[in-house]
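Visitor: I would like to learn how to read the sites in a structure like this one. Where do we begin?

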Amino acid sequence: MKYRAWFQCINNECKTTYPLNAIIYKCDNCGSLLEVKHDMDALSRRDAKAWMKLFEERYKSTEWPYGSGVWGKKEWVLPEIDNNNIVSLYEGGTNLFWAERFGKKLGLSDLWIKLCGNSHSGSFKDLGMTVLVSQVKQMISEGAPIQAVACASTGDTSAALSVYCAAAGIQSIVLLPKGKISIAQLVQPIANDALVLSLDTDFDGCMKVVQEITKDETIYLANSMNSLRVEGQKTVGIEIVQQFDWEIPDVIIIPGGNLGNVSALGNGLLMMKELGLISRLPRIVLAQAEKANPLYRSYLKNFETFEPIQAEKTLASAIQIGNPVSVQKAIRVLKQFSGIVEQATEQELADAAALGDANGMFNCPHTGVALAVLIKLLKSGKIDKTERVVVISTAHGLKFTDFKVRYHEGTLDFPCKYANKPIELPPRVDAVKEALKYALEQRRNVDV
Ligand SMILES: *Cc1c(COP(=O)(O)O)cnc(C)c1O
Ligand SMILES: [Zn+2]
């Protein structure tokens, strides 16, 4: 069977199509974003059961490249790419675990965490970057004039881009907002041989510059405005349902900044529904930091208007975005999934991350935003305690050690409710015994 995919303008009055090997990021005709569309008739000729069986057979196998969570669904992602051009680091297949103790703390018995940060570069961005860099390799093999791939980044995009490019032997260029990303996120592209440009601006400022320099066809744009990324990321929703033996959870909560990931999550689930693998859709909750909440503001007006804002500094640095590229795609998805948008303050996100950690997680601040939103929606009754809830954890907590150190030192701008300070002692057994007696007693009396 021959499966096909192409770029298509998201504007319903336009719908112009372009081949996937065109160097194009927005519609030439009307300037809207593009999305990847698939020949659904061809895909639907294989029935739902057969797709499930195929995906199960491939899942985490060593049959390269199909053991990858993304390439195991190749026909739904990038069907026409030559396997020789696939650049895969075995992305996807991340653990989905039952957060039993933390859930019970919140009165919820069926809370699950999808740990997308347990991935090659430590964030979900790997899911999209494997697709983009593979397509670039394919285009170079066909004679395209691409010499480098560039992105603006709040940290994780550049880490993913540079490691996939390093694995493929393609030069990467990353534009980072100076002083606004964590040390780990700065070290990753440096180590992976990227050309690192540190600009004295914020993410939105870097984004403007990268769009200009990629007008030159020798530098390919890797930001999520490039819808190839979304195609890889859409496997996360499919993978969650597969991990639940094809049962749909009630609610999926995801933090959002540029809003590519929530669009991808929705697209994957819609594709499953269209091809008969699922019969209903979960609700999707998009979680934003209060300091960078343009979609929350729009949600309060029923998405009737959307105004970009100047994002303020937030601990959730990867979602410090005031002018999200994929806002239209995200609104379209949220409307179809009875979507809710909720926000979290700095204190709420930090406390929620810490409370999760103290109950067996190890959260990045963005996951903290999602957990804080979960707590708020449980309180307001918008999520019911009997529902099965999945929180998408977007990055590995070890990328954000500064955030955790400052929280536990209590040096953030607000009281840190669950701070756990090391006890400094002389190296004497009696002193240690005395301190333990007191500290253990104190622990018994506070419930984290
Ligand atoms: C990129 C990123 C997000 C936000 O994803 P968008 O597609 O920009 O909405 C959230 N968390 C982490 C850790 C990220 O790297
Ligand atoms: Zn168009």
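Guide: We begin with a term: a cavity is a set of grid points where a 1.4 Å probe fits but cannot get out. This is a predicted model, and here the space taken by ligand 1 is the largest cavity.

Visitor: Which residues come nearest to ligand 1?

Guide: A residue counts as near if one of its heavy atoms lies within 4 Å. Around ligand 1 there are 14 residues, and K125, D156, G257, L259 and T394 come nearest. By class, this shell has five nonpolar, seven polar and two charged residues.

Visitor: What lies 2.7 Å from an oxygen atom of ligand 1?

Guide: That is a polar side-chain atom of K125. For G257 the atom is a backbone N or O, 2.8 Å from an oxygen atom of the ligand. T394 uses its side chain: an N or O atom there is 2.8 Å from a nitrogen atom of ligand 1. The protein covers 96% of the 380 Å² of accessible area that ligand 1 has on its own.

Visitor: Which residues coordinate the zinc ion (ligand 2)?

Guide: C9, C14, C27 and C30 do, each through SG, at 2.3 Å. Their spacing in sequence is C-x4-C-x12-C-x2-C.

Visitor: Why is the arrangement around the zinc ion called tetrahedral?

Guide: Four donors count as tetrahedral if all angles lie between 85 and 135 degrees. The arrangement is tetrahedral because the four donor atoms subtend angles of 95 to 117 degrees.

Methods
Residues are numbered from 1 along each chain as its sequence is written. Chains are lettered from A and ligands numbered from 1 in the order in which they are written. This is a predicted model: local features need pLDDT of at least 70, side-chain atom pairs count only at pLDDT 80 or more; totals for chains, interfaces and linings use all residues. Side-chain values use heavy atoms; hydrogens and water are left out. A polar contact is a pair of N or O atoms within 3.5 Å; within protein, one must be able to donate a hydrogen and the other to accept it, and residues adjacent in sequence count only if both atoms are side-chain atoms. Accessible areas come from the Shrake-Rupley method with a 1.4 Å probe; for residues, only the protein chains shown count as cover. On a 1 Å grid over the protein atoms alone, a cavity is a set of points where a 1.4 Å probe fits but cannot get out, and a pocket is an open set with protein on both sides within 12 Å along at least five of seven lines; lining residues have an atom within 4 Å of a point. A molecule sits in a cavity or pocket if more than half of its atoms lie within 2 Å of its grid points. Ala, Val, Leu, Ile, Met, Phe, Trp, Tyr, Cys and Pro count as nonpolar, Asp, Glu, Lys and Arg as charged, and the others, Gly among them, as polar. Donors are N, O and S atoms within 2.8 Å of the metal (3.2 Å for Na, K and Ca); water is not among the atoms, so sites may look incomplete. Four donors count as tetrahedral if all angles lie between 85 and 135 degrees; four count as square planar and six as octahedral if opposite donors are over 155 degrees apart and all others between 65 and 115; anything else is irregular.
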